[in-house]
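The following paragraphs lead the reader through selected features of one protein model. Please keep the sequence and the structure in view while reading.

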Amino acid sequence: MSDFTWLVPLPVIMPLCGAGLTLALYRHPKAQQVISALTLALMVAASVLMMIVADSGPIVVNVGEWAAPVGINLVGDRLSALMLVVSSTVLLCVLLYSLGQGIIDGNEKAPVSIYHPTYLVLAAGVSNAFLAGDLFNLYVGFEILLAASYVLLTLGGTFERIRAGAIYVVVALLSSIIFLVAIAMTYAATGTVNLAHLGQRLPEIDPQMSIVLHALLLLAFGIKAAIFPLSSWLPDSYPTAPAPVTAVFAGLLTKVGVYAIIRTQTLLFPDDRLNGVLMVLALATMVIGILGAVTQNDIKRLMSFTLVSHIGYMIFGIALGTKIGLGAAIFYVAHHILVQTTLFLIVGLIERRGGTTSLAKLGGLAKYSPGLAILFFVPAMNLAGIPPFSGFLGKVGLLEAGVAVGTPMAYTLVIGSVVTSLLTLYALIKAWNKAFWQPAPKPLPDVKLPAAMVVPAGVLVVLTLLITVFAGPLYGYTSRSAETLMDPSNYINAVIGVDGRGEGESTELDGPEPVDETELHDDEVGGPVN
């Protein structure tokens, strides 16, 4: 057992403890701010250390001293560790930005005291989803996300936010119900919900049942990832929230769905039966999403449509079913979380400086805020895939993977991704020109951008540039991650070993007696294992 297994539960435990403390200190906003920032900074440190350790192999912790597959286990492998590093960094920067904004700038009636505990609960939900070693714990992570995100989305209590929050909750609940049905059917068919155990048992069940389970899980995760045509809820929900909330939602929440698709495609259903369907969905998501962005005249909605469009790139890499494609897709996920979050934060600065997000009413910002023009331009070109930014490198990796596959559909995806990239560039240049260079339709409000908001956004811009500078090592890491994901035996052996019984803390702490296989089978038929 690794000496670093204590690292694995920390990204879940620390924000939950921080949420409890900040809730208890609701009358002391300064203390809440310090605790939240300190908690997320510790999450970043723990995640970076986990990423280094997990590069040598998955780290597994069995919760409650019950070894897998009977108990709940948390697994930190290369993919989950990378996602934790990126997500905790983004969460910290967005928190600092929101502190500079005064949490909900301009609305004194909003319940500010609940922001910190809710935000930390959201961080715990994200971490739990990335570390979950079984389907039910993954479901719990999604539900924690749903509860926390609804509170954050409706913070301020305006009619527009309540309406958008209601749409978001209805769609999220529909996704959760589908996911829950899929979990129940999976357990009925295989007798387990442990991911590693499912990797062994799913190939043994009826292929027709297997494909039904596969489709149900993809449907549930596809809604959460906002894959077309399951993405119509997103452009109406995210833009109504405060800028930092929109930023963290846009950067992170859809990627949790993409992460779940990567995990199920590689570990549970490594065959390529539905890859063709995923390719069609990837193409439709890319093209229709960016066509929606081109027609928008509000910069927030424009960004929301580009978010949908670029989910298609990630599905493109996953659907190819190759190590090169998967490695490029993971690289693109990490790049996109940072870039999309950065752009939404900068859009918040544009709204503050220009007084609106309507491109018809904006103008002249380059004259009054030239630094803001640079802050927007750099991540915008990165998202569009202009050389030498990381967006360009990620897209080149996906194109190479598509050409290597060489099927007509793969070539169609390659062409579609190039067209999408050009349209993304057109949409972002249009937004940049209208907001910064066209004459202002009316005098701009006399507002000075606070350094406490500009600095976190600037730090994220620098981080997006660092991804470009260190693209080689990061690409190496994502390629190694793809290699281990494409060989499910790595994950399965780490969690439940070759004898079907995992070695977790229970083996060193006088845990339960080893379970007889016959008794285990009887238990699996009669009741849940988690």
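Pro388 lies in the loop between helix H15 (370–384) and helix H16 (390–405); helices here are DSSP runs of H or I with at least four residues, strands are E runs of at least two, and both are numbered from the N terminus. The model is a predicted one, in which local features need pLDDT of at least 70 and side-chain atom pairs count only at pLDDT 80 or more, while totals for chains, interfaces and linings use all residues. Residues are numbered from 1 along each chain as its sequence is written, and side-chain values use heavy atoms, with hydrogens and water left out.

The peptide bond that leads from Pro387 into Pro388 is cis, its omega being near 5 degrees. A cis peptide bond also joins Phe228 and Pro229, with omega about 5 degrees. Pro229 belongs to the loop between helix H8 (207–225) and helix H9 (234–237). The loop between H8 and H9 also holds Ala226, whose phi is positive, near 65 degrees, although the residue is not glycine. Ala226 is buried, with a relative accessible area of 0%; buried means under 20% relative accessible area, exposed over 50%, and partly exposed in between, with a 1.4 Å probe and protein chains only.

Ala431, in helix H17 (residues 408–437), counts as buried because its relative accessible area is 0%. Leaving aside residues up to four places away in sequence, Ala431 touches Ile299, Leu302, Leu359 and Phe376, where contact means heavy atoms within 4.5 Å. From Phe228, Ala431 is 203 residues away in sequence and 24 Å away in space, C-alpha to C-alpha.

A helix pair comes next. The axes of helix H5 (residues 135–153) and helix H10 (residues 243–268) come within 12 Å and cross at roughly 165 degrees; axes are lines fitted to C-alpha atoms, for helices over the stretch in contact, and angles run from 0 to 180 degrees between N-to-C directions. H5 is therefore roughly antiparallel to H10, since angles over 145 degrees count as roughly antiparallel, under 35 as roughly parallel, 65 to 115 as roughly perpendicular and the rest as oblique. Among the residues that meet are Leu138 and Phe142 in H5, and Phe249 and Leu253 in H10.
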